[in-house]
Amino acid sequence: MTINAVLLAVVIMLGLSLARVHVVLSLLIGAMAGGLIAGLGLTDTLNAFQEGIRNGAQIALSYALLGAFAVAIAHSGLPQSLAGSVIKRIDAGGKSGMIKYLLFAGLVMMSCFSQNLIPIHIAFIPLLVPPLLLAFNRMQIDRRLIACLITFGLVTTYMFIPYGFGDIYLNQIMLKNVGEAGIDVTGISVTKAMAIPALGMFVGLLTAVFISYRKPRQYQQLAIDKKAHDAVVEGDALSKTAATAQVQSKLKTFVALAAIVTAFVVQLYTDSLLLGSMFGFGVFMATGVVKWRDADTVFNDGIKLMAMIGFIMITAQGFAEVMKATEQIQPLVDGATSLFAGNKAIAAFIMLLLGLIVTMGIGSSFSTIPILAAIYVPLCISLGFSPLATVAIIGTAGALGDAGSPASDSTLGPTSGLNVDGQHDHIKDSVIPTFLHYNIPLLIFGWIAAMVL
């Protein structure tokens with residue numbers, strides 16, 4: 001029996017990641033194994049991997065500029081002000097239950113807005129979450145829940161709301177590829193097609209909040225927590241004794257909001273996160289919130305902030321290119337279709353499951369859609385699925401695996417903010433919780449959408 005190279009590569013990559021091998025090495029070893037099993041040979045496998053890395057150069061630059069923009073926002077003091085107000089409410093004896101759920105709502109909203117309204121993607125996480133760790137620890141909130149909250153906003157927004165990243169995923173990639181594969185997409189509502197799968201994501205969120213992680217979990221109060229608390233206390237004292245400091249703080253907050261709006265408008269008109277981040281960073285420099293003499297330091301800090309995530313994403317592009325070069329994605333799907341026997345229910349489930357496997361390996365829903373659309377559209381037409389159901393299947397199959405993939409920014413982002421004190425493991429505390437709470441309901445609700453639409 002011949003082993004499918006794509007399936008083997010994904011299993012190896014996931015297995016190594018679960019064994020606590022670094023994600024970059026896991027991706028590299030998985031890609032090499034997949035290429036060699038497929039008969040590409042070492043040279044061709046490395047060439048394909050390097051080609052993927054070259055294709056990821058723009059991703060790396062975008063992440064670097066996003067990081068610089070994020071550090072500039074942090075430099076303005078806006079995230080610290082937010083965290084400070086929360087900590088002061090806790091210290092003043094505020095109702096912890098209300099504060100907790102307001103924090104939850106705020107994190108979900110920020111995650112959603114980062115995909116469209118304030119297009120900084122995951123760059124908001126390492127600047128907003130670390131200052132809040134003190135509050136999380138005080139209230140004994142399980143950080144696995146925080147990872148689930150953030151991932152919900154990151155994934156559900158682009159797979160359901162056709163604006164910002166959602167416009168790219170739903171309209172520019174999914175509908176475009178479905179149309180090119182042979183279905184008339186005129187008049188198809190992507191929101192209607194993805195509503196049921198999005199409901200599955202919401203069910204997973206409620207499960208995480210009210211069942212899985214509702215019990216208190218204790219974390220060590222480390223030096224970073226003391227620094228955060230001292231900064232809040234000092235900032236509060238300063239605001240009471242120095243009117244000038246108050247004015248400066250308000251001015252920096254105003255500039256931060258202006259920079260965010262500028263980045264949003266530029267991104268809206270150019271469809272470029274890179275340009276949006278660059279112009280937003282320029283606002284901070286032009287107004288003096290980021291001094292010219294400090295610009296290099298802030299920019300370098302931003303690159304450091306996002307460097308590891310960017311590097312993993314580049315490596316994932318290399319992995320994806322090797323998977324395509326094996327030419328065994330199509331046989332993987334063909335092998336599964338032999339099990340259908342004309343049964344739409346089984347076909348829908350297998351197509352969604354294969355989407356999960358491919359996306360788990362590639363780590364990007366946006367990269368998975370073109371691969372799946374070319375294969376699934378003719379299959380859906382032959383099985384009698386409606387155009388709306390076809391869009392739901394492909395959109396869900398692409399999104400499956402984004403939450404729960406070790407190489408996905410939807411899990412790397414939460415880890416970057418929650419693990420600054422070394423108490424949040426990427427695999428056990430981000431990957432596995434998000435996989436269980438989102439991929440399983442998404443698989444179920446995506447199948448329901450395929451059956452009823």
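The legends below describe close-up views of a predicted model.

**View 1. Helix H18 and its surroundings.**
Helix H18 covers residues 387-399 and holds 13 residues. From its first C-alpha to its last, H18 reaches 18 Å, close to the 18 Å expected at 1.5 Å a residue. Twelve of the 13 residues of H18 are buried, so the helix is largely enclosed by the rest of the structure. Among the buried residues are Leu388, Val391, Ile393, Ile394 and Gly398. After H18 comes Gly401, which has a positive phi, near 95°.

**View 2. Thr157 within helix H8.**
Thr157 belongs to helix H8, which spans residues 143-160. Is Thr157 buried or exposed? Its relative accessible area is 2%, and because values under 20% count as buried, Thr157 is classed as buried. A polar atom of the Thr157 side chain lies 2.5 Å from the backbone oxygen of Gly153. Leaving aside residues up to four places away in sequence, Thr157 touches Cys112, Gln115, Asn116, Phe152 and Gly166.

**View 3. Salt bridges around Arg217.**
Arg217 and Asp142 form a salt bridge, with their closest N and O atoms 3.2 Å apart. Arg217 lies in the loop between helices H10 and H11, and Asp142 in the loop between H7 and H8, so the pair ties together parts that are 75 residues apart in sequence. Arg217 is partly exposed, with a relative accessible area of 28%, whereas Asp142 is buried, at 3%. Arg217 also meets Asp429 in a salt bridge, at 3.9 Å from N to O. Asp429 lies in helix H20, so this pair ties together parts that are 212 residues apart in sequence. Asp429 is buried, with a relative accessible area of 10%. Salt bridges that share partners join Asp142, Arg144, Arg217 and Asp429 into one network.

**View 4. The salt bridge between Asp421 and Arg143.**
The closest N and O atoms of Asp421 and Arg143 are 2.8 Å apart in this salt bridge. Asp421 is in the loop between helices H19 and H20, and Arg143 is in helix H8, so the pair ties together parts that are 278 residues apart in sequence. Both partners are buried: Asp421 has a relative accessible area of 11%, and Arg143 has one of 0%.

Nine residues are listed here: Phe349, Ile432, Leu436, Ile440, Ile444, Trp447, Ile448, Met451 and Val452 make a nonpolar surface patch of about 730 Å². Helix H20, residues 426-452, gives the most to this patch, with eight residues. Met451 is found in H20 and is partly exposed, with a relative accessible area of 31%.

Note on methods
Residues numbered from 1 in each chain as written. Predicted model: local features only at pLDDT ≥ 70, side-chain atom pairs only at ≥ 80, totals over all residues. Heavy atoms only, no water. Patch = residues over 30% accessible without salt bridge, like charges linked within 9 Å, V, L, I, M, F, W, Y side chains within 5 Å. Areas by Shrake-Rupley, 256 points an atom, 1.4 Å probe, with all protein chains shown as cover. Salt bridge = Lys/Arg side-chain N within 4 Å of Asp/Glu carboxyl O. Helix = DSSP H or I, 4+ residues; strand = E, 2+ residues; numbered from the N terminus. Buried < 20%, exposed > 50% of the residue type's maximum accessible area, 1.4 Å probe, protein only. Expected span 1.5 Å × (residues − 1). Polar contact = N/O pair within 3.5 Å; in protein donor to acceptor, adjacent residues only side chain to side chain. Contact = heavy atoms within 4.5 Å.
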